[in-house]
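User: I would like to learn how to read sheets, helix packing and ring pairs in a structure file. Please take one feature at a time.

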Amino acid sequence: MAAAVALLLVAGVITTFVHYRQTSLAVADLSDGGAVTHSGFERVAITADDPGDLDRVIVELDGRTVEARRGEKGMSLSGLELADGPHTLTVRAPNALPWLPDAVIERHFTLDNTPPKVSVEQVDAKSPRGPLTVRGTVEGADEVLVGDQRVPVKDGRFEATFAAVPASLRLEAKDAAGNSGRHEMAVKVPHPGMRAVHMSAAAWATEELREPVLALAREKKIDAVQLDIKDESGEIGYTSQVPLAQQIGASRGYYDAKAAVDQLHGMGLRVVGRLVAFRDPVLGKASWEAGARDRLAMDKNGGPWARHYGQYAFTNFANPEVREYNIAIAKEAASLGFDDILYDYVRRPDGPLGQMEFAGLAVTPEQSIVDFLRDSRAAVRPHGAYLGASVFGIAAHSGTDIAQDIPALSAHVDYVAPMVYPSHWGPGEYGVDNPEGKPYDIVKASIANFVDLTKDTGATVIPWLQAFSLKYHYGPGEVQAQVTASADVGVKSFLLWNPACRYDQAGL
């Protein structure tokens with residue numbers, strides 16, 4: 001009998017031991033010696049082969065018993081307050097038999113909620129056509145994602161090189177805990193500068209006007225020609241392949257764009273394509289007649305905004321089709337070899353905003369223009385072209401009158417081209433009593449203002465200067481006064497405007 005009892009006791013012990021050996025605990029999503037964020041720590045799960053064993057599990061953090069939340073499939077550590085730094089998690093299931101060891105899991109880990117810090121120190125791109133080198137520092141990570149490149153970090157520094165130059169670049173670094181540090185940046189490419197004259201499409205097609213400009217180039221008095229792509233009449237000077245341009249009859253074919261670009265490049269000249277954006281009577285009229293009236297700037301009476309521009313003249317800068325049309329032309333011109341795409345009339349009509357309607361406008365007019373320029377640069381950059389924006393001189397202090405916020409838009413263009421023609425200023429502007437009669441004074445003051453407004457944006461200032469006469473005769477002396485005034489505030493580039501495209505007396 002005694003032997004039988006002893007046998008039963010031994011059998012019980014063996015049964016208990018076997019049960020203990022088969023029972024196991026598990027801690028998921030927390031590695032020993034690893035790092036985890038607070039949200040990652042809350043996802044840690046404690047499970048057992050037999051869920052009933054969880055009833056006797058004791059959880060300790062840094063030697064202090066804490067209450068874990070019991071769920072259907074396990075226990076979680078959500079809701080626990082834990083400071084950044086090293087910690088120890090102990091999960092213990094006491095054994096029913098005191099002479100057998102408890103089931104214990106221990107994890108040493110670091111709670112880390114601080115994302116890596118990514119900083120860019122240098123962006124080196126000599127041209128939009130590339131290459132691009134980005135250098136910077138990273139704190140708290142061993143590699144950084146620059147665009148689509150994974151780049152190692154050595155001694156806290158990194159360097160990445162790209163064949164092409166994107167308009168913007170995203171940098172991201174992740175640490176061992178899973179924290180992510182990001183840096184978004186617009187990629188600026190310093191403009192090389194230029195001394196240019198304006199030529200309309202019809203003027204370029206006219207030998208009498210074209211040859212004197214080429215002579216100026218041969219004499220090294222200019223190093224660039226601004227050639228109209230689409231002008232304020234809405235006509236495209238060359239034969240465009242953009243479907244909407246063909247549909248509305250905007251292409252005129254005054255000149256062969258590829259041949260003109262090749263000729264000017266062959267002479268070592270830059271070619272700037274002027275693209276009048278939102279003043280477009282051709283698109284406006286065609287849209288009105290087709291019933292696409294949301295493409296036009298409208299008045300409160302439901303008619304097209306006219307004023308001194310003429311009927312159907314101003315299209316709606318907020319309309320996606322209008323924006324896409326202009327960007328498509330910009331991309332086409334850039335692909336044909338134009339070095340710069342220089343927008344003009346990239347604004348709303350001047351006049352009381354309260355009397356205008358722009359269908360689909362969901363932000364301020366100023367922000368809408370900025371967004372358009374941002375999208376435009378992203379579109380033309382892959383083709384290796386710079387993007388510029390011609391702006392009113394008064395935009396320096398009255399930008400909301402025409403929806404041109406100079407500091408904001410400067411962040412999304414490679415250069416700003418303010419039209420600082422002395423004849424366009426009123427008496428007393430910048431303290432100059434007679435601006436048209438004092439070209440040096442007014443140009444120096446106004447350009448200095450634009451230089452200040454664009455500071456730290458990465459955009460260059462390249463002003464439009466007056467080479468035509470209104471109340472005062474403008475000859476070589478007046479033109480040279482403006483060039484000198486611009487240079488005296490550190491701006492050596494310029495674009496000369498003469499609507500007749502004659503520059504033989506330009507004083508260069």
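What follows is a dialogue on strands, helices and aromatic rings.

Analyst: This is a predicted model, in which local features need pLDDT of at least 70, side-chain atom pairs count only at pLDDT 80 or more, and totals for chains, interfaces and linings use all residues. Residues are numbered from 1 along each chain as its sequence is written, and side-chain values use heavy atoms, with hydrogens and water left out.

User: How do I read a sheet, and what is the order of the 4 strands in the antiparallel open sheet?

Analyst: Strands of a sheet pair through backbone hydrogen bonds, either parallel or antiparallel. Helices (H or I, at least four residues) and strands (E, at least two) are DSSP runs, numbered from the N terminus. Two strands count as paired if DSSP finds at least two bridges between them. Here the order is β1-β3-β7-β6, with antiparallel pairing. β1 (25–28) and β6 (69–70) are at the edges with a single partner strand each, so one side of each has no neighbour in the sheet. β1 is joined to β3 (residues 45–48) by 4 bridges, and Leu-25 is opposite Ala-48 in β3.

User: Which strands are at the edges of the open sheet of 5 strands?

Analyst: The order in that sheet is β2-β9-β8-β4-β5, and the pairing is mixed. Between β2 and β9 (residues 103–111) the pairing is parallel, over 2 bridges. Ala-35 stands opposite Thr-110 of β9.

User: How many residues lie between β15 and β16 in their hairpin?

Analyst: There are 5 residues between them, and Gly-178 in the turn has a positive phi of about 105 degrees. β15 (residues 168–174) and β16 (residues 180–186) pair antiparallel through 7 bridges. Ala-173 has Gly-181 of β16 as its bridge partner.

User: Now helix packing. At what angle do the axes of α12 and α13 cross?

Analyst: Two packed helices are described by the angle between their axes and the distance between the axes. Axes are lines fitted to C-alpha atoms, for helices over the stretch in contact, and angles run from 0 to 180 degrees between N-to-C directions. The axes of α12 (residues 439–453) and α13 (residues 476–488) cross at roughly 30 degrees and come within 8 Å. That makes α12 roughly parallel to α13 (angles under 35 degrees count as roughly parallel, over 145 as roughly antiparallel, 65 to 115 as roughly perpendicular and the rest as oblique). The contact (heavy atoms within 4.5 Å) includes Pro-439, Tyr-440 and Val-443 of α12 and Glu-478, Ala-481 and Gln-482 of α13.

User: Which residues of α8 meet α9?

Analyst: From α8 they are Arg-323, Asn-326, Ile-327, Ala-330, Lys-331 and Ala-334; among their partners in α9 are Ser-368, Asp-371 and Phe-372. The axes of α8 and α9 (residues 365–380) are 9 Å apart, at an angle of about 30 degrees. α8 is therefore roughly parallel to α9.

User: How many aromatic pairs does a search of the whole structure find?

Analyst: A pair of aromatic rings is described by the distance of the centres and the angle of the planes. The search finds 12 pairs (rings of Phe, Tyr and Trp, with its six-membered ring, whose centres lie within 6.5 Å; planes under 30 degrees apart count as stacked, over 60 as edge-to-face and the rest as tilted). Trp-288 and Tyr-312 have ring centres 5.9 Å apart and planes at 40 degrees, so this pair is tilted. Trp-288 is in α7 (residues 281–289) and Tyr-312 is in the loop between β20 (298–299) and α8 (320–335), so the pair ties together parts 24 residues apart in sequence.
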